[in-house]
Amino acid sequence: MTTLENHIEGRFSVGTVIRSIIQNRVLFLILLIVLLSLFAGTTYDTFFTQANLKAVILNIAIDSIVSVGMMILLVSGMFDLTVGSVLGFTGAIAALCLDKLGMHPSLAVLIAVASGVCIGAFNGIIVAKVGVNHLIMGLAMLGVVRGIILLIIGSGIHRLPVEFLNISDGTFLGFRLPIWYMVVIALFFAFMLRKNNFFRRYYYIGGNEKAAAFSGINVPMMRIVSFMISGGLSGIAGVILTAKLAASIPTLGTGLELRSITACILGGASLAGGYGTILGSFLGVLFMGLVNNLMIVSRVAISWQSIVVSGILLIAVTIDALLKKSEQ
Amino acid sequence: MGKQSYIVFQGITKTFPGVKALDDVSFSISAGEVHAIVGENGAGKSTLINVVAGNYHPDSGQLEIKGKQEKIRNYAEALDMGISVVYQERSLVPNLSVAENIFADRQPRTFCGFINKKKMYAESEKICESIKLDVRPNTLVGNLIPAKQQMVEIAKALSNDSELLILDEPTATITENETEILFRVIKELKRKGISIIYISHRLQEIFNIADRVTVLKDGKYVGTRVISEVKVGDVIRMMVGRDIYAEKYRSSLKEEKVLEVRNFSSKKFHDVSFELKHGEVLCFAGLAGAGRSEVARAVIGADPLEEGEIYIHGTRKRIANPEQAIENGIGYLPEDRKEQGLFLEMAISKNIVSGNLDSVSKNQIINEKEVQRVSEEYREKLRIICPSVTTKVKQLSGGNQQKIVFAKWLLANPEILIVDEPTRGIDVGAKAEIYRIIRELASQGTSIIVISSDLPEVLTLSDRIIVMYNGTITGELTRHEATEENIMHLASGFERKEEMMV
């Protein structure tokens, strides 16, 4: 009898529940987000207003879209440090096409996103075929692309046609369009990464690259595709953000790469690869957005945002590492 | 023994989960002798070295060094007692100089605490001179030929005032000409009264350089012989002759040629040609490092090839990577299943379908129910023992892990399957099941290449045996001609019968 009781107790004890919540990053994040929202809601009556919540979601749309691509890369065991620069670059290209070349907005958008995909393809080929480390490749390209932005738009381009601005300004069913772009992209890739036989291979590559290759997975090709997706999504985000701001600014997207990686790791990704979901990356971004919003509502200096978010990241990964150690 | 013993092993036993790596081993090594230790893979040679080096602690038994009982707790203590090991994997830093490598852990210092380069160079020169090694102390190790790197490794060990030097497969990575240089150094050391334990698969070398040879088999001591009083054949007979699995399988091969490899050459092997028939089990026997895995990897396009052609059903094919190999119906089960075959952190079911995701997908969408069904099917078929198919692979035993790799390839169902060391590190019961799976596959028409260093396994499984030594094929035997002795002769580099009689 006692062993049975122990067994049951072992299963449902508070310790094991906490343990399993912390180890499942998605549950952990949901819990944090709920606690944070409850705290914010009871402290500030403006928090649970429709306007505020819509603003929170709108603000995370750009980071969420970029983090989808970042998550796919992290699942395969890599990351892309160029996302911020690519975002700025594609915005600049779109603005240039519209302002200097007088192109139709849809053509400008197409060229801008394609340029993002091309940078991704270049990154992917150098990393996967030539064998340059992805971190070093990212560091180099981050600087190169940022420099090119300055060369082509100088201090920025502020005259953009209204049709282009509508990309961001329009609403559908009461929500601003960027929210819809985010929802469609996140749902599509969440589904693909879960169910599609092509995307599923990224988990195998991240789990064991050599074994994946011996299983007949064309690892270099898969890697190139993942960098192209990341470049393309950064490109889409760049167009949306440029339209939202009604201007192309040379500093657009600086620091995005680290923010995006932080969100994904919070959401359950591992730098070693093999883990992570799009839901996780979204929750990571949402959590960071909520903290940001809370800082603004409570008029706390914005520098606290990075301290709080990074601090929670540090605590989460430390507890995770300690739990893994104690298991062995 | 007229000479005084330097080290005496008394009843050394060391058990690992599931294996008795050393079982009551007793013998002695005299001062100033070159003492070879031989045995098949898994005979216990490495475990013995690790016991002497203090890396493993024996479960029972004693070590006596220079007449005194000693306990060696770690490698630092072994070094203090004058025991140094030169391992197979070189521990040198290629972009540092010879002197810096020799004094890696204890560079001489000046009085203000900086490295005393002058003294370091002078002492390195002295050590190198003492073993007649002509390298300048400021040369970068990476610029030396492999044999001289090996010498530097020995110099490093000697700089520690060693009295016993253990050389683990010292010639595995150097050419035959370079071996001469090594042997000169060994003779010099012997003259100085240093004892040497020489571990090698290559019997030829042992008959060249050793004074005595000790044979281990399955962790047990078989005997020690004076080299000048024995023949190669005697030593081989001591090494082999284990119980062979009683079960012999009926051949299922047909005359139709499925695969033909012509004149394969690369840096690791030379002019390798063979063919494989429908439903045949062809074993590649040989010692570790003979180039068998390298040939297999070249066949599937995982390693570069300098020359050679490959034909499947008589048509010439180009295979540039494993994906193309699978498209051409060739599957490969790698030697190191944990490193190259499995996704340890992933569920059993996900591993099983990893080689053929398309077969469990409909319209590009993976059908989880189908994944589950297929996994359960193979779990039953191959008797994989696990709590459930969602268990992570890393939690299973070696035998069950290997069955999962087999399940994966059964699902992918290639026409040709290359299996590299299918039963390494697997217990006897699981071994028999793996054999059954391989033979069953062959009887269903799959053509199989098995690379194995386990002689009884080769004799049990094969229709035909190809033996490799040092990157070339030294012989081919049918299952009727093959015995452990004649395979071992070929695998040790003796090509003709006459040489066997030496």
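1. Chain A has 328 residues, and a compact globule of that length would have a radius of gyration near 20 Å; chain A has 21 Å, which agrees. The radius is taken over C-alpha atoms, and the globule rule is 2.2 Å times the number of residues to the power 0.38.

2. This is a predicted model: local features need pLDDT of at least 70, side-chain atom pairs count only at pLDDT 80 or more, and totals for chains, interfaces and linings use all residues. Residues are numbered from 1 along each chain as its sequence is written, while chains are lettered from A and ligands numbered from 1 in the order in which they are written.

3. Chain A holds 15 helices and two strands. These are DSSP runs, numbered from the N terminus: helices are H or I with at least four residues, strands are E with at least two.

4. In chain A, 47% of the 328 residues count as buried. Buried means that 20 or more other C-beta atoms, placed from the backbone, lie within 10 Å of the residue's own.

5. Chain A gives 18 residues to the contact and chain B gives 21. Residues are in contact if their C-beta atoms, placed from the backbone, lie within 7 Å. On the side of chain A that touches chain B, helix 10 of chain A gives the most, with six residues.

6. Chain B has an open sheet of four strands, ordered 12-11-14-15, with antiparallel pairing. Strands pair if DSSP finds at least two bridges between them. Strand 14 (residues 307–312) of chain B is joined to strand 15 of chain B by three bridges. Ile310(B) has Lys317(B) in strand 15 of chain B as its bridge partner.

Terms used
Two residues are in contact if their C-beta atoms, placed from the backbone, lie within 7 Å. A residue is buried if 20 or more other C-beta atoms lie within 10 Å of its own, exposed if 12 or fewer, and partly exposed in between; C-beta atoms are placed from the backbone.
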